[in-house]
Amino acid sequence: MYRFLLTPRWFGINVFVLLAIPFCVFMGSWQLSRFEDRMTESRDAEQQVSTDEREAARPLAELLPVDKATSGKQVTATGRYDKQLLVPDRQLDDREGYYVLTLLRTDSGKALPVVRGWLPGTPDPATAPAAPKGEVTVTGALQASETPGDNGVSAQGGLPAGQTAAISAASLINLVPYGVYDAWVTLNTGDSGMKAVPATAPADSGLDLKAFQNLGYTGEWFVFAGFVVFMWFRLLRREVEFIRDAELGILPDDEQQERDQEQSQEKASA
């Protein structure tokens, strides 16, 4: 009864199934390994943030440009505070508030954005503490420039004067007549009674949307493999039923003619 499996049509079906199943399993396993790698990166990044806090601060020039290896490292810089901006829609301890961002003019002529702390409520220049006068030396965690729309960073425009949605050199350079470092620093201790803003893990190192996309693709590939197996058994069962019905002579005339034509073609090609 199962000699039909040796016909050219079924030979092609079987080859397809034998190739499709390992391919789907391989792709599913690869996507799962990518998700596991991202979980490992997330744990390592969180541990690295704690480790970086205990390291000695290094000069700014030694840690630029910011990448995964230098993000979160303790950095020190000396200069004079200049323009101050407020960064709205920032949460800390599940409370809404804003960052107080002040540009530190360094001896190089470029400014380093420094988040001096966080305050609750809506941004208000009247309540934001003014920056210290004269030359200061700051110490904090180095962070990469933010990208609007990523990791909860607001992408809204049309903010009032004195506010910025993202801590980004590309945005800040349009607000001041001097260069801005493509990085920023969050102070280890909040200035003037403000709460210090904790350092965050580098971008693409946490359980973000991409990580869960990998997990979703894992499920899809294994579903595809199961679907291939299901369809093969369904075709096999359908073929067996046709043969049994043909032997009993209960096939409809049109189906019998189609079966006879298929068998004739298969015999001719064989």
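In strand E3, Thr102 is the bridge partner of Gln84, and that contact belongs to a set of 10 bridges joining E2 to E3 (residues 95-106), which run antiparallel. Two strands are called paired here if DSSP finds at least two bridges between them. Helices (H or I, at least four residues) and strands (E, at least two) are DSSP runs, numbered from the N terminus.

A word on where this comes from. The model is predicted, so keep in mind that local features need pLDDT of at least 70 and side-chain atom pairs count only at pLDDT 80 or more, while totals for chains, interfaces and linings use all residues. Residues are numbered from 1 along each chain as its sequence is written, and side-chain values use heavy atoms, with hydrogens and water left out.

**The strands**

Overall, the protein chain has five helices and six strands, and from the N terminus on the order reads α-β-α-β-β-β-β-α-β-α-α. Of its 270 residues, 38% are buried; buried means under 20% relative accessible area, exposed means over 50%, and partly exposed is in between (1.4 Å probe, protein chains only).

| Strands | Direction | Bridges | Residues standing opposite |
|---|---|---|---|
| E1 (residues 58-59) and E2 (residues 74-92) | parallel | two | Pro59 and Thr76 |
| E2 and E5 (residues 135-143) | antiparallel | seven | Thr78 and Thr137 |
| E3 and E4 | antiparallel | nine | Val100 and Gly117 |
| E4 and E6 (residues 184-187) | parallel | two | Val114 and Val185 |

Strand E4 (residues 111-120) is worth a look on its own: nine of its 10 residues are buried, so the strand is largely enclosed by the rest of the structure. When you look along any of these strands, remember that side chains in a regular strand alternate between the two faces of the sheet.

With a relative accessible area of 76%, Asp94 is exposed. The hairpin of E3 and E4 has four residues between the strands, and there Gly109 takes a positive phi near 95°.

Further along, Ser192 lies in the loop between E6 and H4. Ser192 is not a glycine, yet has a positive phi of about 55°, and at a relative accessible area of 44% this serine is partly exposed.

There is also a cis peptide bond, from Leu64 to Pro65, with omega near -5°. Pro65 is in the loop between helix H2 (60-63) and E2.

**Rings and charges**

Rings of Phe, Tyr and Trp (its six-membered ring) pair if their centres lie within 6.5 Å; planes under 30 degrees apart count as stacked, over 60 as edge-to-face and the rest as tilted. By this rule the count comes to five aromatic pairs. One of them joins Phe35 and Phe212: their ring centres are 6.1 Å apart and the planes are at 55°, so the pair is tilted. Phe35 lies in helix H1 and Phe212 in helix H4 (residues 209-248), so the pair ties together parts that are 177 residues apart in sequence. Trp232 and Phe233 form an edge-to-face pair, 5.0 Å centre to centre with 85° between the planes.

Two arginines sit over tyrosine rings. A charge sits over a ring if NZ of Lys or CZ of Arg is within 6 Å of the ring centre and within 35 degrees of the ring normal. The charged end of Arg105 is 3.9 Å from the centre of the Tyr178 ring, and that of Arg116 is 5.8 Å from the centre of the Tyr81 ring.

**A nonpolar spot on the surface**

Where does helix H1 (residues 8-54) come in again? It holds Phe11, which counts as exposed at 55% relative accessibility. Together with Val15 and Leu19, Phe11 makes a nonpolar surface patch of about 310 Å². Like charges are joined within 9 Å, and nonpolar side chains (Val, Leu, Ile, Met, Phe, Trp, Tyr) within 5 Å. Accessible areas come from the Shrake-Rupley method with a 1.4 Å probe, and for residues only the protein chains shown count as cover.

Terms used: Patch = residues over 30% accessible without salt bridge, like charges linked within 9 Å, V, L, I, M, F, W, Y side chains within 5 Å. Salt bridge = Lys/Arg side-chain N within 4 Å of Asp/Glu carboxyl O.
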